[in-house]
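Colleague: I am new to this structure and would like to learn how to read a few of its features. Could we go through them in turn?

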Amino acid sequence: MAAIGRGILRRGIVGLPAVGSGSAARSMASWFGHVEPAAKDPILGVTEAFLADPSPEKVNVGVGAYRDDNGKPVVLECVREAERRIAGRLNMEYLPMGGSIKMIEESLKLAYGDDSEFIKDKRIAAVQALSGTGACRLFADFQKRFLPDSQIYIPIPTWSNHHNIWRDANVPQRTFRYYHPDTKGLDFASMMDDIKNAPNGSFFLLHACAHNPTGVDPSEEQWREISYQFKVKKHFPFFDMAYQGFASGDPEKDAKAIRIFLEDGHQIGCAQSYAKNMGLYGQRAGCLSILCEDELQAVAVKSQLQQIARPMYSNPPVHGALVVSTILGDPELKSLWLKEVKSMADRIIGMRNALRENLEKLGSPLSWEHITNQIGMFCYSGMTPEQVDRLTNEFHIYMTRNGRISMAGVTTGNVGYLANAIHEVTKSS
Ligand code: PLA
């Protein structure tokens, strides 16, 4: 509102009481007068606090956003080239409700495999989604609409927003054990017990690769056992694949868990995001797919997903989808992308080694082996919320209070400072 407008409201227009001065005005505002500020988001709230800190030493290893070795945001060269090719050549019409057909086709090849029989048989219902978050939310709404009494089993721990997404979709949540704090690895036996003990036909949320926040994934053999047990129990697997390419550096290898489930004949759901692996964070480019029994069912399911999207945001944004389809649809750009994904993954691995080495050189009494054992964007350090608070208050290092370090924000320039601070707050524990 313009300053003049605000002035009039405060002073009151002749003949009307000024806002805030009369009972009519109070009752006008009262329906939301009781609203309290919402709790800060445990991840994006960290970025807000980081931005507000004037210290020149500050380090942000909170949100999972890739940085180059100078700590700067990165736009991939394949993305720049795709933008050059797109620029000035296309109109800004609405996409269909389900989004860009070309982008969806390319996304399905990435998740299900270039030669997937399911793509050929048109058995996959898929829509472009508002990145990975939007894909998860559409799925949760679809689940609620067509199986209203169902629940979702979510790993402990998981990406904090998973809980919000299924809560807002009114799907009750159950949890399954996943991570063992002592070994800082997978608690496979407990996970299998929880899968076996869940009622037949339960929905399970699985991280396809590079589990957030733990950086701990099942091995191929373990995925096979999980898939087998899902078959026995007739559970429905929903894969959140937000980091395809970030675990191994190769998107094809990172789709292994999904491919195992497909080989075993499961019907699956899958959320894909191009935020991290293409660096398209703010473009909100993603895809939701559901493998159906046949083409007829896929057509029906897609039409229902579109119907859920229509009253929420009508149709998805066009630019990111064009970037994705331009890159994945061109062999030369796609191979450039694969190289760039690999180099992001490699820089992170290098920083894992550097952080561990620095801590060991400082004579830390603790084991930091897990920094290099864990994979993907995050290191689940094992630090307590109190230790994290000290890092923030005394060293201006910003990270989530669960002890998760976004390795994508660690650089040659800050790794020594980070290691020193971690050593200071953990050496007496
Ligand atoms: N799923 C998982 C497991 C994620 O970690 C994230 C992002 C998403 C989905 C959603 O990403 P998108 O909607 O941007 O595609 N997690 C971040 C950012 C990187 C966030 O919290 O939104 C994180 O720092 O955990």
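Predicted model: local features only at pLDDT ≥ 70, side-chain atom pairs only at ≥ 80, totals over all residues.

Colleague: Which residues gather in a patch of negative charge on the surface?

Modeller: Glu117, Asp121, Glu293, Asp294 and Glu295 form that patch. One of them, Glu293, sits in the loop that runs between β10 (285-291) and α13 (295-313).

Colleague: Why does Glu293 count as exposed?

Modeller: A residue is called exposed when its relative accessible area is over 50%. Glu293 has 53% relative accessibility, so Glu293 counts as exposed.

Colleague: Which residues form a nonpolar patch on the surface?

Modeller: Trp31, Phe32 and Val35 do, and together they have about 380 Å² of accessible area. Val35 belongs to the loop between α2 (23-29) and α3 (44-52). With a relative accessible area of 55%, Val35 is exposed.

Colleague: Now the strands. How many residues of β2 are buried?

Modeller: In a regular strand, side chains alternate between the two faces of the sheet. In β2 (residues 124-130), 6 of the 7 residues are buried, and the strand is mostly covered.

Colleague: In which sense do β2 and β10 pair?

Modeller: The pairing of β2 with β10 is antiparallel, over 7 bridges. Within it, Val127 stands opposite Leu288 of β10.

Colleague: Where does Gly416 lie?

Modeller: Gly416 is in helix α18 (residues 415-426). Its relative accessible area is 32%, so Gly416 is partly exposed. Gly416 and Leu359 are 57 residues apart along the chain, and 8.6 Å separates their C-alpha atoms.

Definitions and conventions: Residues numbered from 1 in each chain as written. Heavy atoms only, no water. Patch = residues over 30% accessible without salt bridge, like charges linked within 9 Å, V, L, I, M, F, W, Y side chains within 5 Å. Areas by Shrake-Rupley, 256 points an atom, 1.4 Å probe, with all protein chains shown as cover. Salt bridge = Lys/Arg side-chain N within 4 Å of Asp/Glu carboxyl O. Lys, Arg positive; Asp, Glu negative; His and termini not counted. Charge placed at Lys NZ, Arg CZ, Asp CG, Glu CD. Helix = DSSP H or I, 4+ residues; strand = E, 2+ residues; numbered from the N terminus. Buried < 20%, exposed > 50% of the residue type's maximum accessible area, 1.4 Å probe, protein only. Pairing = 2+ DSSP bridges.
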